[in-house]
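Here is a set of questions and answers about how some terms are applied to a structure. Each answer sets a value beside the rule that it has to meet.

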Amino acid sequence: MHVLILGGTSEARALAERLHGSCAATVRVTSSLAGRVAAPRLPAGEVRIGGFGGVEGLVEWVRAHAVDAVIDATHPFAETISFNAARAAATAHVPLLALRRPGWVPAAGEDWHQVASLTEAARALDGLGDRVFLTTGRMGLAAFADCPQWFLVRSVDAPDGPMPARTEVLLDRGPFALAGERELIARHRIDVLVTKDSGAAATAPKLAAAREANIPVVIVRRPPVPEGVPVATTVEEAAAWVTTAPRQLRTT
Ligand code: NAP
């Protein structure tokens, strides 16, 4: 059985490791990465890197490589590839599962400003202070390009393209510990944190640090999973699906 994991997340890597380790005799795993990060952490098993060329390209790849099941374990905000996966799986008649870790939930007393997009996040900053800790990744910085505030932008690779005039870039890759997040917020006298609701444990300590520092959080809500696609919230659930659901679907 050949499983294609659309990756780029720690859950995708954990799932590849899990299937490659415990089901290696029966399951062939290929992980697909977009190629956005210069030196990605490579998952276990086979890896391919780069876009497929839209829905048609993905359908072609699935057919040419005799893929039996697809798991969309991409980041909750990678909307295009998730949509393409849903269309391609339906066209190629291959079962598809979305692996999505649960989103973050505000604790009592936390000052969260939930918004629908990066553009709305930029607008929501008005009146929340002058010093912003921006952790939404290097893509999409253009949404903040006209903001007058000072920004600490943290990303894995250096951003390019339009960005706020007053920006300091911090190149770093999670996991991030609470002590470090606390220190960053204090040292840069941060007034407000901006994040996407990725739900990742590796990046959650910034929320605890913001709560401790009593600063507001502007948080971008997730786009929905494409209609009709079943969702697993843990690697274990996704691994169990590989051994049962695809076979049932294939025989119906
Ligand atoms: P996106 O907007 O949903 O996808 C844009 C295009 O990139 C897709 O149409 C596809 O190109 C290609 N692509 C995306 N993921 C791919 C994958 N796993 N394998 C092969 N091609 C892929 O994606 P994005 O938001 O730019 O994210 C790119 C990757 O970074 C994703 O794999 C995601 O898991 C990871 N990531 C994203 C974020 C985020 O905040 N968005 C954060 C951390 C990690 P074709 O149409 O040519 O196939």
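Q: What is an axis here, and what range can an angle between axes have?
A: An axis is a line fitted to C-alpha atoms, for helices over the stretch in contact, and angles run from 0 to 180 degrees between N-to-C directions. The model to which this is applied is predicted.

Q: Why are α2 and α3 called oblique to each other?
A: The axes of α2 (residues 54-64) and α3 (residues 79-92) cross at roughly 50° and come within 9 Å. Angles under 35 degrees count as roughly parallel, 65 to 115 as roughly perpendicular and over 145 as roughly antiparallel, with the rest oblique. The pair α2 and α3 is therefore oblique. Their crossing is right-handed.

Q: What makes the contact between α2 and α3?
A: Contact means heavy atoms within 4.5 Å. On the α2 side the residues are Gly-54, Val-55, Leu-58, Val-59, Val-62 and Arg-63, and α3 supplies Asn-84, Ala-85, Arg-87, Ala-88, Thr-91 and Ala-92. Sorted by class, this contact has seven nonpolar, three polar and two charged residues. Gly counts as polar in this sorting.

Q: Why is α5 called oblique to α6?
A: Helices α5 (178-187) and α6 (residues 205-213) pack at an angle of about 50°, and their axes are 8 Å apart. That angle makes α5 oblique to α6. The crossing of this pair is right-handed.

Q: Which residues of α5 and α6 meet?
A: Leu-178, Glu-181, Arg-182 and Ile-185 in α5 meet Pro-205, Lys-206, Ala-208, Ala-209, Ala-210, Glu-212 and Ala-213 in α6. By class there are seven nonpolar, no polar and four charged residues in this contact.

Q: Why are α1 and α7 called oblique?
A: The axes of α1 (residues 10-22) and α7 (residues 235-243) cross at roughly 45° and come within 10 Å. Helices α1 and α7 are therefore oblique to each other. The crossing of α1 and α7 is right-handed.

Q: What makes the contact between α1 and α7?
A: Helix α1 contributes Glu-11, Ala-14, Leu-15, Arg-18 and Leu-19, while α7 contributes Val-235, Glu-236, Ala-238, Ala-239 and Val-242. Seven of these residues are nonpolar, none is polar and three are charged.

Q: Which residues come nearest to the ligand?
A: Gly-7, Ser-32, Phe-52, Gly-53 and Lys-196 come nearest, out of 21 residues around the ligand.

Q: What is the omega of the cis peptide bond that joins Gly-174 and Pro-175, and where is Pro-175?
A: Omega is about 5° for this cis bond. Pro-175 is in the loop between β9 (167-171) and α5.

Q: Where is Ala-66, and what is its phi?
A: Ala-66 lies in the loop between α2 and β4 (69-72). Its phi is positive, about 50°, although Ala-66 is not a glycine.

Technical notes:
Residues are numbered from 1 along each chain as its sequence is written. This is a predicted model: local features need pLDDT of at least 70, side-chain atom pairs count only at pLDDT 80 or more; totals for chains, interfaces and linings use all residues. Side-chain values use heavy atoms; hydrogens and water are left out. Helices (H or I, at least four residues) and strands (E, at least two) are DSSP runs, numbered from the N terminus. A crossing is left-handed if the near helix is turned anticlockwise from the far one by less than a right angle, and right-handed if clockwise. A residue is near a molecule or strand if one of its heavy atoms lies within 4 Å of it.
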